[in-house]
Amino acid sequence: MWGIPISIGVLCLKLSAWWVTGSVALLSDGLESLVNVAAAFIAYFVIRYAQRPADHDHQFGHHKAEYISAVLEGVLIVVAALLIIQEAWQAVMAPAMPEAPWLGLGINAIAGAINAVWATKLIHAGRAHRSVALTADGQHIMSDVVTSAGVFVGLVLAVLTGYAILDPLLAIFVAINILWQGYKVITHSLGGLMDKALEPEEEAAVREAIALHCGGALDVHDLKTRQAGAAAFIDFHLVVPEKMTVREAHEICDRLEDAIKEVIPGATLAIHVEPEGEHAHGQTVEIEGTGK
């Protein structure tokens, strides 16, 4: 929720910097912050929706709604970049030195510092809560911080050298960087909508938990994982001795569920128990002490 007033405040600061200088580079930085405002509103409502519990129509929950927020943010980033290029190209044709550049740069530096603190907070919270929308928002704002730093250096050079064309050229460079950030946000979000597997380090942690806590089982195969926003879904086949009782197999499954949820909090598991002799397929997991 705090993202909304903070993004509006930063936008006002950056537009003030543009207003006192007339710099196209500072305008481009301000337009990117306009995206941050829209993204903050979208993320707030989408995350609230994604946290709704499972219901009859969405029995696995509403987690994937967060990817919608990230995709929309990526699209807005691309639109902002195209607007910046349009403004900057016109300025390339008739470059002019910014007015009151030091005042504008001072205002923009304050906005950049606020963004840096807020982006760090968002990324940390997004990773802690496995929130795609929060992480994407934080990463975009952090790219905005890098953009602001580049604009600051570029405008200082423009003022010191007297080359006014550096201002619109810098704006075009900012736009290209924004396009790249938008592309990364969109592709990452689309990967989630396509049931992308867990990150390699997370899947490795799942494998280790299975290997260490499946004593009594003979084999584990057909391991599959997927992530949907903050939720993680994991399923695999567990091979047990043919004469093992249902209760004993169930105890192994309970032990595995506890171990996996220790490394992937909130994970949803589906374990298919099979008697020995079944043909292994899919991804296998090496079990300690069995040599398999």
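Predicted model: local features only at pLDDT ≥ 70, side-chain atom pairs only at ≥ 80, totals over all residues.

Colleague: How many cavities of 30 Å³ or more does the structure hold?

Modeller: A cavity is a space where a probe fits but cannot get out. The structure holds one cavity of 30 Å³ or more, and the space in this largest cavity is about 40 Å³.

Colleague: Which residues line the largest cavity?

Modeller: Lining residues have an atom within 4 Å of a cavity point. Here they are Gly3, Ser7, Asn36, Ala40, Asn115, Trp118, Leu122, Asp137 and Ile141. Two or more of the lining residues come from each of α1 (3-21), α2 (24-50), α4 (101-128) and α5 (132-161). α4 gives the largest share, three residues. By type, the lining has four nonpolar residues, four polar and one charged.

Colleague: Which residues does the UniProt annotation "transmembrane region" cover?

Modeller: Such annotations may be inferred rather than shown by experiment. The unreviewed UniProt entry gives residues 33-50, 70-89, 101-120 and 141-163 as "transmembrane region". In the model, residues 101-120 are 100% helix and 0% strand, with end C-alpha atoms 28 Å apart. Residues 141-163 are 91% helix and 0% strand, and their end C-alpha atoms lie 29 Å apart.

Colleague: Which residues form a nonpolar patch on the surface?

Modeller: Patch residues have over 30% relative accessible area. In this structure, Phe152, Val153, Leu157, Tyr163, Ile165, Leu166 and Leu169 form a nonpolar patch, and together they have about 620 Å² of accessible area.

Colleague: Which element supplies the largest share of the nonpolar patch?

Modeller: That element is α5, with three residues. Both α5 and α6 (166-193) supply at least two residues, while Tyr163 lies in the loop between α5 and α6.

Methods: Residues numbered from 1 in each chain as written. Heavy atoms only, no water. 1 Å grid on protein atoms, 1.4 Å probe; cavity = no way out; pocket = protein on both sides within 12 Å on 5 of 7 lines; lining within 4 Å. Points joined across faces, edges and corners; volume = space filled by probe spheres on them. Helix = DSSP H or I, 4+ residues; strand = E, 2+ residues; numbered from the N terminus. Nonpolar A, V, L, I, M, F, W, Y, C, P; charged D, E, K, R; others polar. Patch = residues over 30% accessible without salt bridge, like charges linked within 9 Å, V, L, I, M, F, W, Y side chains within 5 Å. Areas by Shrake-Rupley, 256 points an atom, 1.4 Å probe, with all protein chains shown as cover. Salt bridge = Lys/Arg side-chain N within 4 Å of Asp/Glu carboxyl O.
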